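Please read the following briefing alongside the sequence and the coordinates.

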Amino acid sequence: MASFTLHGIPVSRGIAIGRAHLLAPAALDVKHYLVAQEQIEAEVQRLQNAIAAVHKELQTLWNELPKDAPTELGAFIDVHALILSDPLIAEAPLDIIRSRHYNAEWALLTQIDELSAQFDEIEDPYLRERKADIQQVAERVLKVLLGTEQLLPKAAAEDELMAQMIVVAHDISPADMLQFRDRSFIGFITDVGGQNSHTAIVARSLDIPAAVGMSQASMLIEQDDWLIIDGDAGVVIANPSALVLEQYRERQVAMQRARKKLGKLKKTPAVTKCGTPITLLANIELPDDCAFALESGASGVGLFRSEFLFMGRAHKIPTEDEQFEAYRNTVQSMKGRVVTIRTLDIGADKPLDQSDHTALNPALGLRAIRYCLAEPQLFLTQLRAILRASAFGKVRILIPMLAHAFEIDQSLAMIAQAKASLREEGVKFDDAVEVGAMIEIPAAALALPMFVKRMDFLSIGTNDLIQYTLAIDRVDYEVAHLYNPLHPAVLQLISMTIAAGHKAGIDVAVCGEMAGDVKLTRLLLGMGLREFSMHPAQLLAVKQEILNSDLGLIAPQMRKIMRSMEPNVIAEAVHQLQLM
Ligand code: PEP
Ligand code: MG
């Protein structure tokens with residue numbers, strides 16, 4: 001097999017060496033897992049039942065054809081019924097379940113992919129088109145299968161086969177990513193996506209190497225190809241030579257050693273060389289992430305992206321009690337440390353459900369607080385759940401995407417209303433719970449007095465702040481090269497926010513991806529940042545950088561950076577900061 005190299009955008013650190021597992025686009029809603037030996041026959045039965053259900057469905061369709069329906073319609077239904085009865089569809093996937101232990105959906109898709117590939121070779125255009133019929137039939141069966149409740153097996157460790165797999169897909173949504181978090185896939189490669197797309201963020205939260213924006217990766221890479229992902233460089237090498245493989249294995253070992261060394265810093269306080277204490281907090285997506293946060297020595301949670309509790313549930317919003325359990329769990333897991341719960345930031349690349357892609361410009365649409373204020377009942381339910389959890393530890397509420405004073409006022413009024421209802425019911429909560437604003441829209445960074453007057457703390461969401469300042473969609477890989485945290489406009493907005501917060505005597509954090517980038521640690525320290533919130537995987541490396549930083553040395557270089565409007569001057573000065 002020929003070796004080739006692909007270049008994309010690095011989103012998650014480290015090196016992964018494994019075999020390609022391709023996800024077909026139709027398979028994105030489908031869970032891939034191995035079935036335990038004793039469940040094989042039940043899984044076979046599940047697929048047979050689904051096929052039988054589709055037969056029945058087609059029969060009903062045929063029986064209920066309107067009298068004036070075109071005759072081809074009946075013929076199409078006949079063709080689909082014939083396809084469904086063909087052993088290639090009705091039996092081959094059953095053999096795949098038995099021989100490879102794939103779950104029913106995966107087995108069906110594997111067979112369909114193989115058939116599709118064979119159809120692509122056919123010369124006759126009419127016959128080649130029949131591929132679409134087969135796919136439509138498969139879709140029907142998949143729909144029936146997906147309609148049934150499915151559970152991913154909990155323990156991934158026993159899935160020896162999975163332990164080596166690198167997922168290759170055109171795209172993977174954040175919700176799909178969540179499916180993989182309990183699994184032992186060792187890397188991700190996608191054709192699309194940017195450095196700070198939510199998919200990339202979740203990849204980082206899984207703490208495994210990933211590369212996105214790889215253009216044609218899912219077309220060029222074949223199932224079971226050997227792959228190396230260099231997550232730091234955003235490079236993928238397919239079918240590497242023995243020599244290259246050996247070099248990467250050596251690098252992998254060296255990196256693991258360096259990581260182990262960092263582990264020793266877990267209990268070391270985060271203080272600069274010159275004695276300034278810095279707060280290092282963790283970004284989490286689900287309560288389970290607390291274990292990793294604590295393991296990394298985080299002094300609390302600076303951003304709990306609560307929307308992940310809501311996603312991929314086919315519009316079944318978690319109830320107040322379900323949410324309360326999740327928040328209380330988090331608060332208790334963090335053992336007295338602060339937990340900053342961001343209210344629902346749904347919309348744009350985090351739709352409630354996969355089918356919710358209707359807005360023309362979702363990133364500029366009814367997202368985050370805008371959505372919550374338009375759905376007051378949903379917002380109140382979440383606020384009540386958060387407040388109830390505040391009786392169990394130190395909770396802060398963080399509101400995303402604020403731009404207008406009335407949005408702040410309405411949010412605060414809703415919090416007051418949630419408190420009043422709990423008080424009336426005699427339910428305990430922390431009346432002094434702090435409420436903060438995400439500064440992630442340029443308008444907010446340019447109107448800070450409006451915020452500091454009303455809020456207890458600020459948290460800069462640099463991911464969106466960059467997106468909205470530079471007018472580039474953070475998920476669009478075609479403009480990913482324009483996504484530049486060092487753009488002078490971005491630096492000015494961040495610096496202004498930190499200064500305004502300090503002047504008003506309120507805490508300011510950065511919780512966007514910039515906070516976890518060691519190349520930017522000194523820059524942020526130099527701007528006066530004292531609170532960083534990032535994915536736990538980055539925390540110890542950032543701490544090491546802080547321990548080696550001297551604010552006195554950084555200051556003169558900072559003046560140069562903040563006065564400059566020249567990208568080259570800024571980039572060089574930031575580089576110099578790292579060498580100090
Ligand atoms: C941000 O925008 O920087 C942020 C932290 O929020 P999210 O990435 O979830 O939009
Ligand atoms: Mg944001």
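Buried here means under 20% relative accessible area, exposed over 50% and partly exposed in between, with a 1.4 Å probe and protein chains only. Helices (H or I, at least four residues) and strands (E, at least two) are DSSP runs numbered from the N terminus. This is a predicted model, in which local features need pLDDT of at least 70 and side-chain atom pairs count only at pLDDT 80 or more, while totals for chains, interfaces and linings use all residues; side-chain values use heavy atoms, with hydrogens and water left out. Residues are numbered from 1 along each chain as its sequence is written, and chains are lettered from A and ligands numbered from 1 in the order in which they are written.

**Overall model and confidence**

- The chain has 23 helices and 16 strands, and buried residues make up 53% of its 580 residues.
- Taking a contact as heavy atoms within 4.5 Å, residues 24 or more positions apart account for 70% of the contacts in the chain with a separation of 6 or more.
- The predictor's confidence in each residue, pLDDT, runs from 0 to 100; its mean over the chain is 88, and 89% of the residues reach 70 or more.
- Over residues 148-162 pLDDT stays under 50, and for this span the model has 31 contacts beyond four places in sequence. Where pLDDT is low, the predicted coordinates should not be read in detail.

- All five residues of strand β11 (residues 338-342) are buried, so the strand is largely enclosed by the rest of the structure.
- In a regular strand the side chains alternate between the two faces of the sheet. In β11, V338, T340 and R342 point one way, whereas V339 and I341 point the other way, and all of them are buried.
- Two strands are said to pair if DSSP finds at least two bridges between them; strand β10 (residues 300-305) pairs with β11 in the parallel sense over four bridges, and V338 of β11 is the bridge partner of G300.
- Strand β12 (residues 395-399) also runs parallel to β11, joined to it by four bridges, with V339 standing opposite V395 of β12.

**The magnesium ion**

- The magnesium ion (ligand 2) is coordinated by E440 (OE) and D464 (OD), at 2.0 to 2.1 Å. This pair links distant parts of the chain, with E440 in the loop between β13 (434-439) and α16 (442-445) and D464 in helix α18 (residues 462-470), 24 residues apart.
- Donors are N, O and S atoms within 2.8 Å of the metal (3.2 Å for Na, K and Ca), and water is not among the atoms, so sites may look incomplete.
- E440 counts as buried because its relative accessibility is 1%, and D464 counts as buried because its relative accessibility is 3%.

- Strand β7 (residues 226-230) is mostly covered, with four of its five residues buried.
- Strand β3 (residues 15-23) pairs with β7 in the antiparallel sense over five bridges, and I17 stands opposite I228 of β7.
- Strand β8 (residues 235-238) runs antiparallel to β7 and is joined to it by four bridges, with V236 of β8 as the bridge partner of I229.
- In the hairpin of β7 and β8, four residues lie between the strands, and G234 takes a positive phi near 70°.

**Individual residues**

- S296 is placed in the loop between α11 (290-295) and β10, and it counts as buried because its relative accessibility is 4%.
- Not counting residues up to four places away in sequence, S296 touches K266, P536, L539 and L540.
- K335, in the loop between α12 (320-333) and β11, has a positive phi near 50° in a residue other than glycine; K335 is exposed, with a relative accessible area of 62%.
- M401, in the loop between β12 and α15 (405-424), likewise has a positive phi, near 60°, in a residue other than glycine, but M401 is buried, with a relative accessible area of 1%.
- Q136 lies in helix α6 (residues 125-147) and is partly exposed, with a relative accessible area of 42%.
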